[in-house]
Amino acid sequence: MAEDLLEKTLKTPATRPDEVPEKFWDAEANAVRVDALLKSYRELERRLSTRPAIPGEDASDEERVRFLRALGVPETADAYQIEARHPLLESDGDVNLRLHAAGFTPAQVQLVYDLAAERLLPLIADVAQQFEADRQTEALIAHFGGEKRFRAMAAQIDAWGRTHLPEPVFEALCTTSEGVIALAAMMQKGEPNVMKTAAAPRNASESELRSMVRDPRYWQSKDPAFIERVSDGFRRLFSDK
């Protein structure tokens, strides 16, 4: 009986232990591949020996510098090569100095600039746009003598402008407080008697007319003749289309 059990055991293949990876197991010999295990260990030891050790709190400045150089941090901040994603985000010397002092690698510094272009610039644009809109609204409230009166006038101007003016003309005038004030003046005079006086050039382009809207005679001095020229120009432009 003992011989039968021994023979059965010798004939039964050994099972690979769970903690032994398959690449280290010799199925034919039913044993650990010691040569493969030693080779893998030596490779791991080699890699660990070439990897720079993180300096401790008591490390010298020389050790810290050696560690940073091993990571790829340049000797000076001037060595960073920044690829600007936007004209407003060109390489900044002061910013680079701070990033260099913090031990940033070139790739990390580039990431900082990329994130600024991706996330910060749109936020700044939104804030600037909101600020300008608030400024224009405040100017209109002051002109019309209070927020309540302005709100009432705004509804009237909107209804009148959409009824009496081509949509592109109305939208162009609504982009600034000066344009809205001009619309209110036109509304109070009745339907604009466009260009019975000095007319805009018959072939004026839309860009030229928009440039005229930005002219101080239009929004600052509010020259009636000049305002009529602009309005007539828009009517001529869009009536021909």
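This is a short talk through one predicted protein model, from its overall layout down to single residues.

Okay, hi everyone. Some ground rules: this is a predicted model, so local features need pLDDT of at least 70 and side-chain atom pairs count only at pLDDT 80 or more, while totals for chains, interfaces and linings use all residues. Residues are numbered from 1 along each chain as its sequence is written, and side-chain values use heavy atoms, with hydrogens and water left out.

Let's start with the layout. The protein has 11 helices and two strands. Here helices (H or I, at least four residues) and strands (E, at least two) are DSSP runs, numbered from the N terminus. Reading from the N terminus, the order goes α-β-β-α-α-α-α-α-α-α-α-α-α.

How much of it is buried? Buried residues make up 27% of the 241 residues. Buried means under 20% relative accessible area, exposed means over 50%, and partly exposed is in between, using a 1.4 Å probe and protein chains only. Then contacts, meaning heavy atoms within 4.5 Å: among those between residues at least 6 apart in sequence, 53% join residues at least 24 apart.

Next, confidence. pLDDT is the predictor's confidence in each residue, from 0 to 100. The protein's mean is 76, and 79% of its residues reach 70 or more.

Now for the helix packing. Two packed helices are described by the angle between their axes and the distance between the axes. The axes are lines fitted to C-alpha atoms, for helices over the stretch in contact, and angles run from 0 to 180 degrees between N-to-C directions.

Take α6 (residues 147-164) and α8 (residues 177-188) to begin with. They pack at about 75°, with their axes 10 Å apart. That makes α6 roughly perpendicular to α8. For the cut-offs, under 35 degrees is roughly parallel, over 145 roughly antiparallel, 65 to 115 roughly perpendicular, and the rest oblique. On the α6 side the contact uses M153, Q156, I157 and W160, and on the α8 side V180, L183, A184, M186, M187 and Q188. By class, that contact has eight nonpolar residues, two polar and no charged. Nonpolar covers Ala, Val, Leu, Ile, Met, Phe, Trp, Tyr, Cys and Pro, charged covers Asp, Glu, Lys and Arg, and the others, Gly among them, are polar.

α6 also packs with α5, at an angle of about 100° and with the axes 8 Å apart. Again, that makes α5 roughly perpendicular to α6. Here T137, L140, I141 and F144 of α5 meet E147, R149, F150, M153 and I157 of α6. This contact has six nonpolar, one polar and two charged residues.

So what about the inside? In soluble globular proteins, nonpolar side chains tend to be buried together. A nonpolar core is a set of buried Ala, Val, Leu, Ile, Met, Phe, Trp, Tyr and Cys residues joined through side-chain atoms within 4.5 Å. The largest one here has 26 residues, and F144, I157, L165, L183, Y218, V230 and F234 touch the most other members. Elements giving two or more residues to this core are α5 (106-144), α6, α7 (167-173), α8, α9 (206-213) and α11 (224-239). Which of them gives the most? That's α8, with seven residues. Apart from this core lies another, of seven residues, including A77, Y80, I82 and Y113.

Last, a few single residues. T105 sits in the loop between α4 and α5 and counts as buried, at 15% relative accessibility. Leaving aside neighbours within four places in sequence, T105 contacts L71, V73 and Y80.

R217 is in helix α10 (residues 216-219) and is partly exposed, at 40%. Beyond four places in sequence, R217 touches K222, D223, F226 and R229.

And finally N30, in the loop between β1 (25-26) and β2 (31-32). Its phi is near 55°, a positive value in a residue other than glycine. N30 is partly exposed, with a relative accessible area of 30%. Thanks, everyone!
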